[in-house]
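Welcome! Have a look at the structure below, and then let us walk through its parts together.

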Amino acid sequence: MSDPLAGLPPRFLRTPEAARYLGLSGRTLEKHRTYGTGPTYRKIGGRVVYALDDLKAWADLGAKTSTSDPGKGTVLPAKKRPYAGQERR
């Protein structure tokens, strides 16, 4: 039997599904989107969707082998960051 999904583009997840996949709350993922600290997303007809590959790539930025391992990158917290040159209040 052939796979009925063979040849179809990768599946996209809505915010609640993507949050479950990452082990986050939907609200945290929304904050990441607002602050620009989260995974790449797409807007399709007003709906926000995430590709599985993008979710995995973002989560992989936080991969470490020990506490002293600098890793590939950093997964930032879902907090507002000041723009370059902007004063802190």
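Helix α1 (residues 15-22) packs against helix α3 (residues 52-60) at an angle of about 40°, and their axes lie 11 Å apart. Axes here are lines fitted to C-alpha atoms, for helices over the stretch in contact, and angles run from 0 to 180 degrees between N-to-C directions. Helices (H or I, at least four residues) and strands (E, at least two) are DSSP runs, numbered from the N terminus. This is a predicted model, in which local features need pLDDT of at least 70 and side-chain atom pairs count only at pLDDT 80 or more, while totals for chains, interfaces and linings use all residues. Residues are numbered from 1 along each chain as its sequence is written, and side-chain values use heavy atoms, with hydrogens and water left out.

The two helices, α1 and α3, are therefore oblique to each other; angles under 35 degrees count as roughly parallel, over 145 as roughly antiparallel, 65 to 115 as roughly perpendicular and the rest as oblique. Which residues make the contact? From α1 come Ala18, Tyr21 and Leu22, and from α3 come Leu52, Leu55, Lys56, Trp58 and Ala59. Contact means heavy atoms within 4.5 Å. Sorted by class, the contact of α1 with α3 has seven nonpolar residues, no polar ones and one charged. In this sorting, Ala, Val, Leu, Ile, Met, Phe, Trp, Tyr, Cys and Pro count as nonpolar, Asp, Glu, Lys and Arg as charged, and the others, Gly among them, as polar.

Stepping back, the protein chain has three helices and three strands, and from the N terminus on its elements run β-α-α-β-β-α. The strands form an open sheet in the order β1-β3-β2, with antiparallel pairing. At the edges are β1 (12-14) and β2 (42-44), each pairing on one side only. Two strands pair if DSSP finds at least two bridges between them. On average, neighbouring strands of this sheet are turned by 45° against each other, direction ignored.

Here are the two pairings side by side.

| Strand pair | Sense | Bridges |
|---|---|---|
| β1 and β3 (residues 47-51) | antiparallel | three bridges |
| β2 and β3 | antiparallel | three bridges |

You can find individual partners too: Leu13 has Tyr50 in β3 as its bridge partner, and Ile44 stands opposite Arg47 in β3. The hairpin of β2 and β3 has two residues between the strands, and Gly45 takes a positive phi near 60° there.

Is β3 mostly covered or mostly open? Four of its five residues are buried, which leaves β3 mostly covered. Buried means under 20% relative accessible area, exposed over 50%, and partly exposed in between (1.4 Å probe, protein chains only). Across the protein chain, buried residues make up 20% of the 89 residues. Helix α3 lies across β1, β2 and β3, running at about 65° to β3.

Asp54 sits in helix α3 and, at 19% relative accessibility, counts as buried. Leaving aside neighbours within four places in sequence, Asp54 is in contact with Pro39, Thr40 and Arg42. Val75 belongs to the segment after α3 and counts as partly exposed, at 31% relative accessibility. Not counting residues up to four places away in sequence, Val75 touches Trp58, Ala59, Leu61 and Gly62. The C-alpha atoms of Val75 and Trp58 are separated by 7.3 Å, and the two residues are 17 residues apart along the chain.
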